[in-house]
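Okay, thanks for coming, everyone.

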Amino acid sequence: MRKFKTESKKLLDLMINSIYTNREIFLRELISNASDAEDKLYFKSLTDKSIKLKKDDLVIRVSFDEDARTVTVSDSGIGMTAEELEKNLGVIAHSDSLEFKEAQMVAAEEAAEAAKEKGGKGKGGSKKKPAPSTVDIIGQFGVGFYSAFMVAKKVRVVTKAYGEDVAHVWESDGVEGYTIAEAQKEGHGTDVILTIKDNTDEENYDVYLTEPGLKELIRRYSNYVRYPVQMECMHQRKVEVEGAEEDADPQWETYFETETINSMVPIWKRRKQDVKQEEYDEFYKSQFHDFADPARTISVHAEGAISYDVLMFIPSRPPFDLYSKDYKKGLELYSSNVLIMDKCEDLLPDHYSFVRGVVDSQDLTLNISRETLQQNNQLRAIAKKVESKITSELTSMCKNDREAYEAFFENFGRGIKFGIYTSYGAYAAELAPLLLFYSAKQEKMITLDEYLEAAADGQEAIYYAAGEDAERLAKMPMVTSVVGKGYDVLLCTQDVDEFCLQTMMQYQEKQLLNVAGGDLGLETEADKEAAEAATEANADLFAAMKEALGDRVVKVAVSTRLTDAPAALTAKGPVSLEMEKIMSQMPDAQGIKSERVLELNAQHPIFEILRKAHKNNHDKLVSYTNILYNQALLVEGLPVEDPVAFSQAICELMK
Ligand code: ADP
């Protein structure tokens, strides 16, 4: 037996026990190697005219033997000579790919070193690059084949290089070493035969010894491998038994048929005009486990410094866990048709986390476990394109298919608003045009652009009100008074709305103002003067009312905007009453309070009653003040602080 080099042993041990957490990907790795081997033979045949390949020559076969506990992956590719076996499988650190990548890395390091010597403080010059450690090497270079040892207690590789007469077998238990011997094999190519481990308490290995188990792995991970991945699949058929009674139980016989398990032609490589929408729909539903057709299909083909194909879908309904912590965003990432990553998060911004899809690029450099990406700038370039494509698709949907867009926004608008809020407005320019709010005047969902189009010339702000439901908001005194003056008000009913609008601060240079906030700048000079006069004339009254309310309000004042209602609560400063309400419901509520102002309508008959009470009966004034304050809370949809005292005060009044 030839021993693994100490270094290799360490690597093997590390990898089997720590790197790959996802054991089932062994099959993908072996199929991927098989596909590479067929590629190599195919490319050779292009220049070597003595190699005659028939159409069906290049296939990959997967089979299993339950009794012997073996799974076999066979290819008819280029195969390996004894030397190649030794070199490729004997020493982990000597796989073809590694040698190449090592050379690349040395070159890169030398270049960095040279840059440093030049005295340049350029990129990388000042940062010291750590020497590649064992783990780095595993992390960067191919040991895909060795993933077989995650599920196998023994691996046999029987292989015959193209054009050779003798075959060889490599065999190892993945612990100490391996053997290489001459063997018998018919044609060129390689059979990798795994003896599957016995089940343990944690791990069920038997699933790899079943037809459905293997089929599922092939479809999941290798569906778009270019070569057919075939299995002998079991079928049953009824047999006619001669002379059998008519009502006798039917007889069944088992037979096997070769089936191609993978679909091979990647749908994302095809031009959109060549694919029927039904085909996209089917692909979407099977790939992403949705019952409903997607709302939109986006297909991108980019060629240039980096070439890639993207196929994305906007679902027509949200997955049940979209807004939960468990939801994982991301696009599937393929490199040359082989699945690298199930959900590549880096490809999707959070605000588009609902998008499902596939990115395929042969230009991506991948690390050993094929799970992490090295060349992040390439990935970033793709991510940028992905994002801009989604934005433009949504923009056109909003313009040209409003009904569908409204349904979309109902499902996913919240994420877009969060995108503006959580990015501190960084995404506002891109996302704000996609927002929809309910218009009090037009009584339908409108965009901010549509709000501005309908606004009169010279309107300086965009007005909104925030609360739980639109119908109730429309009746709020602050809303009716602004609408009464001819301005539209956006009625915001989602918890994130006001946070989003406050983060934006303005849209198209128009301020976004909460009608229940501080100064709206809507009152006329005359209104202002009247209010100031009333405030001065009634300074004592307001002081007494403020005293009665204590810390609950920061101020009692004359309103410049109330028309029908006697009083209302507004908020000074950035925290509105609605925001206070939402924040108090958050799990880490920090008791953030709005600065409440009790505004009084000096034109209202109640105001006169307050003045009288102030003159004649202080207790009455305190009681009226409390009632007005509590009523204002109710109108705002806020809880009355002491319902018992409130109802007693009203009973008192009725007596
Ligand atoms: P990688 O594929 O990343 O190079 P592997 O450990 O999976 O790393 O494989 C090591 C080497 O063994 C490959 O580079 C290839 O040269 C050779 N090899 C593996 N499987 C096969 C196969 N089925 N046919 C021919 N060569 C193979």
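Before the helices, a quick word on angles: a helix axis here is a line fitted to the C-alpha atoms over the stretch in contact, and the angle between two of them runs from 0 to 180 degrees, taken between N-to-C directions. And keep in mind that this is a predicted model.

So, let's start with helix α19, residues 618-635, and helix α20, residues 643-654. Their axes are 10 Å apart, and the two helices pack at an angle of about 125 degrees. Anything from 65 to 115 degrees would count as roughly perpendicular, and anything over 145 as roughly antiparallel. That's why α19 and α20 come out as oblique to each other. As for handedness, α19 passes α20 in a left-handed crossing.

Which residues meet there? From α19 you've got Ser623, Tyr624, Ile627, Asn630, Gln631 and Leu634, and from α20 Phe646, Ala649, Ile650 and Leu653. Sorted by class, that contact between α19 and α20 has 7 nonpolar residues, 3 polar ones and no charged ones.

Next up, strand β11, residues 308-314. Is it buried or exposed? Well, 7 of its 7 residues are buried, so β11 is largely enclosed by the rest of the structure. As a reminder, side chains in a regular strand alternate between the two faces of the sheet. In β11, both faces are covered: Tyr308, Val310, Met312 and Ile314 are buried on one side, and Asp309, Leu311 and Phe313 are buried on the other.

What does β11 pair with? Strand β10, residues 296-302, runs antiparallel to β11, with 7 bridges joining them. If you want a spot to look at, His301 has Asp309 of β11 as its bridge partner.

Last stop: an open sheet of 3 strands, in the order β21-β23-β22, with mixed pairing. β21 (555-558) and β22 (567-572) are the edge strands, each pairing on one side only. From one strand to the next, the twist averages 35 degrees. Helix α16, residues 539-549, packs on this sheet and touches β21 and β23, and its direction makes about 145 degrees with that of β21. Finally, β22 and β23 (residues 595-600) run antiparallel, joined by 6 bridges, and Ala567 has Leu600 in β23 as its bridge partner.

Key: Residues numbered from 1 in each chain as written. Predicted model: local features only at pLDDT ≥ 70, side-chain atom pairs only at ≥ 80, totals over all residues. Heavy atoms only, no water. Buried < 20%, exposed > 50% of the residue type's maximum accessible area, 1.4 Å probe, protein only. Helix = DSSP H or I, 4+ residues; strand = E, 2+ residues; numbered from the N terminus. Pairing = 2+ DSSP bridges. Parallel < 35°, antiparallel > 145°, perpendicular 65-115°, else oblique. Left-handed = near helix turned anticlockwise from the far one by under 90°. Contact = heavy atoms within 4.5 Å. Nonpolar A, V, L, I, M, F, W, Y, C, P; charged D, E, K, R; others polar.
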